[in-house]
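Welcome, and thanks for taking a look at this one with us. Below is a short briefing on ring contacts and strand pairing.

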Amino acid sequence: MNLKLSAFLLLLSFQVFAQQYKEEKDIQYYEDPTSEYMEKQSRLDIHFLDSDNNKKYPVIVWFHGGGLTGGSKEIPQELKYKEVVVVGVG
């Protein structure tokens, strides 16, 4: 790899790591759950870039597998830190 390309990739990596990401967890999205199970399952997590500008980012809504019988809300590591908002739904 040539020196200019190496320097560019290094600077780009510093810029990505300098960005601050936040996660909000267990946000209740059902107003009046009628059971303990519904109250527990109707929550979501949001992973997003914490920035001061008004830039808009794409949103990925991630539903875990399990067919409503297994699994739990998650935000896959592969989707984090990619300049997208990821919503993991329970």
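Two rings of Phe, Tyr or Trp (its six-membered ring) count as a pair if their centres lie within 6.5 Å, and the pair is called edge-to-face if the planes are over 60 degrees apart. Please keep in mind that this is a predicted model. With that cut-off, the structure holds one aromatic pair.

**The aromatic pair**

- The partners are Tyr21 and Tyr81, whose ring centres are 5.0 Å apart.
- Their planes make an angle of 85°, and the arrangement is edge-to-face, since the cut-off for that class is over 60 degrees.
- Tyr21 belongs to strand β1 (residues 21–28), while Tyr81 sits in the loop between β3 (59–63) and β4 (85–89), so the contact ties together parts that are 60 residues apart in sequence.

**Burial of the two tyrosines**

- Tyr21 has a relative accessible area of 15% and is buried.
- Tyr81 has a relative accessible area of 44%, which makes this residue partly exposed.

- Strand β2 covers residues 43–49 and pairs with β4 in the antiparallel sense, over four bridges.
- Leu44 has its bridge partner in β4, namely Val89.

Technical notes. Residues are numbered from 1 along each chain as its sequence is written. This is a predicted model: local features need pLDDT of at least 70, side-chain atom pairs count only at pLDDT 80 or more; totals for chains, interfaces and linings use all residues. Side-chain values use heavy atoms; hydrogens and water are left out. Rings of Phe, Tyr and Trp (its six-membered ring) pair if their centres lie within 6.5 Å; planes under 30 degrees apart count as stacked, over 60 as edge-to-face and the rest as tilted. Helices (H or I, at least four residues) and strands (E, at least two) are DSSP runs, numbered from the N terminus. Buried means under 20% relative accessible area, exposed over 50%, partly exposed in between (1.4 Å probe, protein chains only). Two strands pair if DSSP finds at least two bridges between them.
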